[in-house]
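Please examine the sequence and the three-dimensional structure shown below.

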Amino acid sequence: MLRAMLGEAWQAMGANRLRTALTMLGMVIGVGSVVLMMAIGQGAQYAVAQTISTMGSNLYIVISGSTSAAGLRSGGGGGPTLTVADAEAIAELEGVVNVAPVHQGTQQLVHGANNWSSTVVGTTPPYLDARAWTIVAGYPFGDSDVRSATRVALIGRTAAENLFGTDDPLGQTIRIRQSPFVIIGVLGPKGQNLDGRDQDDTVIIPLSTAQRKVFGTPFVGSVRMIMVQATSAEAMPAVERDMTALLRQRHRLREGQDNDFFIRNLAAAADSAAETTRVMSVLLGAIASVSLLVGGIGIMNIMLVSVTERTREIGIRMAIGARERDILAQFLLEALMISIAGSLLGLALGVGGALLTNALTDMAIVISGGSVLVAFAVAAGVGIFFGYYPAHRAAALDPIEALRHQ
Amino acid sequence: MSEPVIRVVALGKTYPTAVGDFPALRDVDLTIEAGEFVAIMGPSGSGKSTFMNLLGCLDTPSSGDYFLVGRNVAHLSRDELARLRNRTLGFVFQGFNLLPRMNLEDNVSLPLVYAGIDRRERRRRARSELDRVGLGEYAGSLPSRISGGQQQRVAIARALIHSPSLILADEPTGNLDSQTSEEIMALFGALNRDGITLVLVTHESDIAAHAARQVRFRDGRMVSDQPTPKAPATC
């Protein structure tokens, strides 16, 4: 029975090839654009997720407050309000895993005849853990290096390439502000951050060394910023609250006085970036879905025309014993075949388009089995939904009226 | 004696119109026994087409009862009527009504598709019915490739495929020339001799002359019911 009906549906589709092809084209474009747009949207989400994961997760940055001198106010980080002791106190709070005071700035690096301007980060060992930064060669510096202000450095890939070319940087000496530093470790690559800055263009040195030899400091133990990592996203609000209370108490701020520090939530920034791309990909999918809808309406339109044209045929079929459900199934099957055939072609087109986009641009593309499956299921649903009304109209015809139809 | 194939009692059909109900058929009583060959005659508007639609289970009556092989079908559902049209009746139309995109074998076997019979069996029975009407060699051809007379033979083969109790033919020779008409009537005659009950609507008396019994309609009523005169009007 099903086989006979499939054969008939195939014949009916073949009876007006151009019309069937054009109807199918609606579905091809609809499914193709949904698949392509979802691939692009998911690609963007993937790229952002990659970037976020290089920042480190659940991070806060505490920045010292501003100062004002002769009417000029410095920005955040300008005032000497945070200390290493603050950082050590924060590390005692519940829900905090890693705390690293940070002093960073741009400095000229010199190696032999080469020189390169790069970001120099003075910090303590927990910094690498907080940023989830790996060492691909050599080893990191330890607490003893920070205590005794040794002149050792970890170098990022971009800085290394610019100073050493293809040579191995390990064990080489670079100079920063006239002080020689021995490179003891090479950092793993991270790529760009959310602002588009190259995170690999960096050198990490012990905080004490940075303050004494490179940046100078208003007084020993002051820091401009402290990086704080919470144990989990859920723990973050409590950590922020406790940290604020702790720092206000330590800085002896009275009720009503402004904070002399700023707390920035990097996770919030990451979340908003992720949310932006998520919204973008939903929007792309929604726009593409409209074309799928239009394709479905095209099927409905053609099926209605087909039912009208074949009214007499329906009458004949009823006269020789077709039940309503036979006629319904026949037209529904036809609509379904058109939409499924269109979907398969659209799927190929969408995946092809996505691969082409990937090849021609550096846009990230993610084709997930889920999105393909969803597109296919939606297309089949469209076939049934938009095919049902015409099929129902055909099935509800009065046999006598249908037979008289010319 | 076995059940009559058709027994209608006080059968009536009215159609609603803008100016009130129009009685297309009034108070018809008729019994047709198995193996009979009946011609239904009458001018257009006499109600004979309405009567045929009721006999063919394409429509349901407004009043009265219709017993098809003993079963009252006056108030059956659409699906039950479809089942009767499929198994118990065979239709032959004036315009042949073959499906143009299907070859003759598929056309003939289509009623079996709706009866849920498998492909091999459909094929076997379609071949044997096509052979019976003398068109076995054209099984794979499309209807447009054969003549009108041949198409009507295919339509008869389709009507026969389910070995129905009754074949209803509505002006089966209306679109055919007189030579071909005679051939088709000869085929009907042969089928009737094989024991098939035939009811035929026509307005041509020389076609009606092939039947054994003639029923006339006028203004929605049955006005006469008599055996065909012994001296047929053959030219």
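A salt bridge is a side-chain nitrogen of Lys or Arg within 4 Å of a carboxyl oxygen of Asp or Glu. Between chain B and chain A the count is three salt bridges. One salt bridge links the side chains of Arg101(B) and Glu313(A), at 3.5 Å from N to O.

This is a predicted model, in which local features need pLDDT of at least 70 and side-chain atom pairs count only at pLDDT 80 or more, while totals for chains, interfaces and linings use all residues. Residues are numbered from 1 along each chain as its sequence is written, chains are lettered from A and ligands numbered from 1 in the order in which they are written, and side-chain values use heavy atoms, with hydrogens and water left out.

Where the chains meet, 22 residues of chain B are in contact (heavy atoms within 4.5 Å) with 29 residues of chain A. Buried area is the accessible area (1.4 Å probe) that two parts lose on being put together, summed over both. Between chain B and chain A this area is about 2,400 Å², and carbon and sulfur atoms give 55% of it. Arg78(B), Arg101(B) and Tyr114(B) supply 32% of the area that chain B buries against chain A, more than any other three residues.

Chain B also contains a sheet. Helices (H or I, at least four residues) and strands (E, at least two) are DSSP runs, numbered from the N terminus; two strands pair if DSSP finds at least two bridges between them. Four strands of chain B form an open, antiparallel sheet in the order 2-1-4-5. Its edge strands, strand 2 (20–32) and strand 5 (71–72) of chain B, each pair on one side only. Strand 1 (residues 6–17) and strand 4 (residues 63–68) of chain B run antiparallel and are joined by five bridges; Val9(B) stands opposite Asp65(B) in strand 4 of chain B.

In soluble globular proteins, nonpolar side chains tend to be buried together. A nonpolar core is a set of buried Ala, Val, Leu, Ile, Met, Phe, Trp, Tyr and Cys residues joined through side-chain atoms within 4.5 Å, where buried means under 20% relative accessible area (1.4 Å probe, protein chains only). The largest nonpolar core has 74 residues, and among those that touch the most other members are Ile6(B), Phe51(B) and Tyr66(B). Helix 11 (residues 324–360) of chain A gives the most to this core, with nine residues.

In helix 6 (residues 157–164) of chain A, the buried residues include Thr158(A), Leu163(A) and Phe164(A).

Notes. Buried means under 20% relative accessible area, exposed over 50%, partly exposed in between (1.4 Å probe, protein chains only).
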